[in-house]
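Me: I would like to go through this model and ask what stands behind each label. Please set the values against the cut-offs.

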Amino acid sequence: MIAYKLHKFANHAVSSQTACINLFMPLLLSEDADRILPLIPGRPADFCKIARNKLFRGFCFEYWGQDIKQGTGVLNDHSSQAGTDADVAIAYYDKEDKLCLWLIEHKLSEKEFTMCGAYKSKANRNKHNCSQCDFMSIAKEPQKCHYHKIGYEYWNILKKNMERFQGLIEIEGCPFKNGLNLLWRNQMLAFALQETGEYHTVTFSVCHHARNTMLDKSINRYKALTCGDRIFSSFTNYDVLNAVTTHDYDLPKWIQWYKEVYCF
């Protein structure tokens with residue numbers, strides 16, 4: 001069993017963490033999960049079946065690769081106060097029976113994704129780099145980023161995957177100082193986990209509430225930066241529900257309950 005890291009404000013239904021569990025847990029525990037998950041838009045194209053012999057029956061909430069590398073993790077950024085986590089990770093076998101991983105970030109009512117902690121940090125004495133140095137400048141000289149100075153592996157991982165970030169977007173300074181930061185860090189987590197060799201392919205998605213359109217700008221900017229690469233995708237909670245309700249599966253009570261609580 002992998003230890004679960006509870007968020008500070010996870011004691012109510014509208015917590016994004018709690019809402020994530022309420023959306024995915026019943027589905028992932030269902031015997032019909034292998035038939036439902038491929039119907040979700042944005043799911044990995046090579047998905048075949050959940051790897052029930054991995055993680056906790058094939059999935060894990062608040063996953064950062066803690067079963068692969070303890071301590072600070074594959075990005076060297078993990079502690080009790082900080083670190084990059086996927087809200088839910090789904091281990092699966094692809095169509096060639098290779099073990100893969102699907103990381104999902106879940107958002108409910110948030111207006112934006114998490115801002116860069118290095119940009120906000122009082123310890124960052126070179127914040128001018130964040131607003132004055134562009135993406136390529138920092139990629140070539142990552143020491144300009146406070147994250148890199150304190151030993152986080154984000155830019156080292158990015159350097160190995162620069163071909164995935166060739167899209168042009170109009171953002172002054174570092175593109176990852178605001179809403180794109182969380183998307184970028186989760187993507188680096190995906191690359192780092194794949195690099196360990198434990199998983200053949202690791203992809204990353206965002207699942208957000210269908211009526212929360214405030215996140216669209218950052219999602220679309222990130223898709224533009226990655227040129228629509230299949231390493232990243234997005235879908236909504238309604239997409240998940242539709243994948244279940246369009247067929248006769250044994251999950252009607254959960255669907256009805258979820259709609260009453262979250263389909264506002």
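**Salt bridges and burial**

Reply: Lys-160 and Glu-195 form a salt bridge, with 3.1 Å between the closest N and O atoms. Lys-160 sits in the loop between helix 7 (154-159) and helix 8 (180-195) and Glu-195 in helix 8, so the pair ties together parts 35 residues apart in sequence. The model is a predicted one.

Me: Why is the pair Lys-160 and Glu-195 called a salt bridge?

Reply: The rule asks for a side-chain nitrogen of Lys or Arg within 4 Å of a carboxyl oxygen of Asp or Glu. The closest N and O atoms of Lys-160 and Glu-195 are 3.1 Å apart, so the pair meets the rule.

Me: Is Glu-195 buried, partly exposed or exposed, and how do you know?

Reply: Glu-195 has a relative accessible area of 47%. Buried requires under 20% and exposed over 50%, so Glu-195 is partly exposed.

Me: What makes Arg-164 and Asp-229 a salt bridge, and where in the chain are the two residues?

Reply: Their closest N and O atoms are 3.0 Å apart, and the limit is 4 Å. The pair links distant parts of the chain: Arg-164 is in the loop between helix 7 and helix 8, while Asp-229 is in the loop between helix 9 (216-225) and strand 6 (232-236), 65 residues apart.

Me: Which residues are linked with Arg-164 in a network of salt bridges?

Reply: Glu-163 and Asp-229 are linked with Arg-164 in that network.

Me: What makes Glu-141 and Lys-144 a salt bridge, and how many are there by this rule?

Reply: The closest N and O atoms of Glu-141 and Lys-144 are 3.2 Å apart, within the 4 Å limit. The count by this rule comes to seven salt bridges. Glu-141 has a relative accessible area of 35%, so Glu-141 is partly exposed.

Me: How do you know whether Ile-90 is buried or exposed?

Reply: The relative accessible area of Ile-90 is 0%. The cut-off for buried is under 20%, so Ile-90 is buried. Ile-90 lies in strand 3 (residues 86-94).

Me: Which residues are in contact with Ile-90, leaving aside neighbours within four places in sequence?

Reply: They are Leu-28, Ile-50, Gly-58, Phe-59, Cys-100, Leu-101, Trp-102 and Ile-104. Being in contact means having heavy atoms within 4.5 Å.

Me: Why is Glu-62 labelled as it is for burial, and why Cys-227?

Reply: Glu-62 has a relative accessible area of 3%, and Cys-227 has 55%. Under 20% is buried and over 50% is exposed, so Glu-62 is buried and Cys-227 is exposed.

Me: Where is Gly-42, and which residues is Gly-42 in contact with?

Reply: Gly-42 is in the loop between helix 2 (33-36) and strand 1 (47-50). Leaving aside neighbours within four places in sequence, Gly-42 is in contact with Trp-102, Ser-205 and Ser-233. At a relative accessible area of 26%, Gly-42 is partly exposed.

Me: Why does the radius of gyration agree with that of a compact globule?

Reply: A compact globule of 264 residues would have a radius of gyration near 18 Å, and the protein has 18 Å, so the two agree. The C-alpha trace spans about 55 × 40 × 35 Å along its principal axes. Buried residues make up 50% of the 264 residues.

Me: What is the secondary structure of the protein?

Reply: It comes to 11 helices and six strands. Among contacts between residues at least 6 apart in sequence, 70% join residues at least 24 apart.

Notes. Residues are numbered from 1 along each chain as its sequence is written. This is a predicted model: local features need pLDDT of at least 70, side-chain atom pairs count only at pLDDT 80 or more; totals for chains, interfaces and linings use all residues. Side-chain values use heavy atoms; hydrogens and water are left out. Helices (H or I, at least four residues) and strands (E, at least two) are DSSP runs, numbered from the N terminus. Buried means under 20% relative accessible area, exposed over 50%, partly exposed in between (1.4 Å probe, protein chains only). The radius of gyration is taken over C-alpha atoms; the globule rule is 2.2 Å times the number of residues to the power 0.38.
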